[in-house]
Amino acid sequence: MEQNLPELRDIHLPDGVSPFPPAYGWWVILGSVLLLLVLTELFLIIRRKSKKRYALYLLQHIPQDNIAAAALQISEILRRICVFKYKEATALYGQPWLEFLNQHSKSKLDGQAAQLLLDAPYMNPESAAYTKQDADKLRQFSARWIGENL
């Protein structure tokens with residue numbers, strides 16, 4: 001047994017494992033997380049744009065034969081957006097409602113079109129107090145407001 005002792009050598013430990021470059025599995029996990037973040041952001045963008053498109057679709061398909069009913073439906077669309085985005089504005093009516101809309105828009109609604117928006121819920125549907133131009137101005141303002149706020 002003593003004859004084998006000269007052949008023994010010290011134990012040498014292998015070099016440590018370097019953390020770089022990471023193994024392929026870590027690259028797959030990192031890529032999956034980044035892909036998930038990008039897809040989540042894309043989903044949120046599409047969802048936000050689809051609400052805007054839907055609101056504009058509703059606005060375009062309001063019948064124009066009855067001015068009072070059209071103004072009432074425009075006001076309902078604007079209120080539905082406020083229920084989604086501006087909770088504090090859902091209970092506004094009259095002049096505070098108009099001021100709120102003007103505060104959140106680059107262009108202001110005034111004149112007969114503004115009065116049409118305020119009077120629409122209380123008007124007789126056969127009333128001839130407002131013209132189609134007033135309703136068109138209200139519709140254009142609403143389209144811009146939806147574009148700026150959704």
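Me: Which helix is S75 found in?
Reply: S75 sits in helix 2. Keep in mind that this is a predicted model.

Me: Is S75 buried or exposed?
Reply: Buried. Its relative accessibility is 5%, and the cut-off for buried is under 20%.

Me: What is S75 in contact with, leaving aside neighbours within four places in sequence?
Reply: W97 and L117.

Me: Stay on helix 2. Where is I81, and is I81 buried or exposed?
Reply: I81 is in helix 2 too. I81 has a relative accessible area of 5%, so it is buried.

Me: What does I81 touch, not counting residues up to four places away?
Reply: A55, Y86, W145, I146 and L150.

Me: Take A55 from that list. Which helix does A55 lie in?
Reply: Helix 1. A55 is buried, at 6% relative accessibility.

Me: How far apart are the C-alpha atoms of I81 and A55?
Reply: They are separated by 8.2 Å. Along the chain, the two residues are 26 apart.

Me: What does A55 touch beyond four places in sequence?
Reply: I77, I81, I146 and L150.

Me: New topic. How many residues does helix 5 have, and what does it reach from first C-alpha to last?
Reply: Helix 5 has 18 residues and reaches 25 Å. That is close to the 26 Å expected at 1.5 Å a residue.

Me: Which residues in helix 5 are buried?
Reply: D134, A135, L138, R139, F141, S142, W145, I146 and N149. They cover an arc of only 165° around the axis, so they lie on the same side of helix 5.

Me: Why do residues three or four places apart point the same way?
Reply: Because an α-helix has 3.6 residues a turn.

Me: Back to this model. What covers the buried residues of helix 5?
Reply: The cover includes helix 1, helix 2 (67-85), helix 3 (95-103) and helix 4 (111-119).

Me: Take helix 4. How do the axes of helix 4 and helix 5 cross?
Reply: At roughly 80°, coming within 8 Å. Angles of 65 to 115 degrees count as roughly perpendicular. So helix 4 is roughly perpendicular to helix 5.

Me: Which residues make the contact there?
Reply: Q112, A113, L116 and L117 on helix 4 meet D134, A135, K137 and L138 on helix 5. By class, that contact has five nonpolar, one polar and two charged residues.

Me: Last one. Where is N102, and is N102 buried or exposed?
Reply: N102 is in helix 3. N102 is buried, with a relative accessible area of 13%. Leaving aside neighbours within four places in sequence, N102 contacts S107, K108, L109 and F141. F141 is among the buried residues of helix 5.

How values were computed
Residues numbered from 1 in each chain as written. Predicted model: local features only at pLDDT ≥ 70, side-chain atom pairs only at ≥ 80, totals over all residues. Heavy atoms only, no water. Helix = DSSP H or I, 4+ residues; strand = E, 2+ residues; numbered from the N terminus. Expected span 1.5 Å × (residues − 1). Buried < 20%, exposed > 50% of the residue type's maximum accessible area, 1.4 Å probe, protein only. Arc of directions from axis to C-beta. Contact = heavy atoms within 4.5 Å. Axes fitted to C-alpha atoms, helices over the stretch in contact; angles between N-to-C directions. Parallel < 35°, antiparallel > 145°, perpendicular 65-115°, else oblique. Nonpolar A, V, L, I, M, F, W, Y, C, P; charged D, E, K, R; others polar.
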